[in-house]
Amino acid sequence: MSDTALQNKDPAAQDAQMLATLGRRSIVLVGMMGAGKSSVGRKLASKLALPFVDADSEIETAAGMTIPEIFEVRGEAEFRAGEARVISRLLEAGPQVLATGGGAFMNADTQSAIRAKGVAIWLRADFDVLMKRIKRRSDRPMLKTADPAATLQKLIAERYPVYAEADITVDSRDVVHEVIVDEILDALRDYFAGTKARQE
């Protein structure tokens, strides 16, 4: 394939070159609960003909219990340690689209592993979008507090500066998932084109 494929207007040619450049690395989605990492990740994986893996589901399988149960029985510290181990293992199996839990990228070792073996994409969503989506779910252990809205604001303040260290940022908002997927693909093409240019 031509070296100019990433500048080519043909998305199929761009994506083929992008996947070749990706190699064994994973596309890793990071961000808050409710940002759409799993739902968008599935569609992104389908578009790129890559496996989709949800780290939270893998953690539940490994532990033999749900994430709320892990928090309740073993506590957050043990959950985070298990999360780091599972993500480190999953990163060995790329290429894939890997959706991570909201706190995963806050772990320095996990962040380093993602940098070494993946491309991190932050699905950034504002407070109102997250709150609307999270209200539909009752399985968010980090929000089982007297004031979930205040807890969410606190988590945003703590986590967003760290998420901003991701390779790519794409805004998650109330549009159809395909729009977000197309924006991720555009951002990935630009990212890999820039990476190639820096290497030459």
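This is a predicted model: local features need pLDDT of at least 70, side-chain atom pairs count only at pLDDT 80 or more; totals for chains, interfaces and linings use all residues.
Trainee: How many of the 7 residues of strand 4 are buried?

Mentor: Strand 4 covers residues 118-124, and a residue counts as buried when its relative accessible area is under 20%. Strand 4 is largely enclosed by the rest of the structure, because the number of its residues that are buried is 6 of the 7.

Trainee: Which residue of strand 4 stands opposite L29?

Mentor: Strand 1, made of residues 26-30, is joined to strand 4 by 5 bridges, and the two strands run parallel. Within strand 4, the residue that stands opposite L29 is I121.

Trainee: Which residue in strand 5 stands opposite W122?

Mentor: Strand 5 spans residues 168-171 and pairs with strand 4 in the parallel sense, over 4 bridges. In strand 5, the residue found opposite W122 is T169.

Trainee: How many nonpolar, polar and charged residues does the contact of helix 4 with helix 5 have?

Mentor: On the side of helix 4 the contact is made by I67, I70, F71 and R74, while helix 5 brings E76, E78, F79 and R80. Sorted by class, the contact has 4 nonpolar, no polar and 4 charged residues.

Trainee: Is Q111 buried or exposed?

Mentor: Q111 lies in helix 6, which consists of residues 108-117. Leaving aside residues up to four places away in sequence, Q111 touches F105, V162 and E165. Its relative accessibility is 14%, and because the cut-off is under 20%, Q111 counts as buried.

Trainee: What is the relative accessible area of A49, which has a positive phi although it is not a glycine?

Mentor: A49 lies in the loop between helix 2 (37-48) and strand 2 (52-54), and its phi is about 55°. A49 is exposed, a term that applies over 50%, and its relative accessible area is 70%.

Trainee: Is the peptide bond from G94 to P95 cis or trans?

Mentor: P95 is found in the loop that runs between helix 5 (76-91) and strand 3 (97-99). The bond from G94 to P95 has an omega near 5°, and the peptide bond is cis.

Note on methods
Residues are numbered from 1 along each chain as its sequence is written. Side-chain values use heavy atoms; hydrogens and water are left out. Buried means under 20% relative accessible area, exposed over 50%, partly exposed in between (1.4 Å probe, protein chains only). Two strands pair if DSSP finds at least two bridges between them. Contact means heavy atoms within 4.5 Å. Ala, Val, Leu, Ile, Met, Phe, Trp, Tyr, Cys and Pro count as nonpolar, Asp, Glu, Lys and Arg as charged, and the others, Gly among them, as polar.
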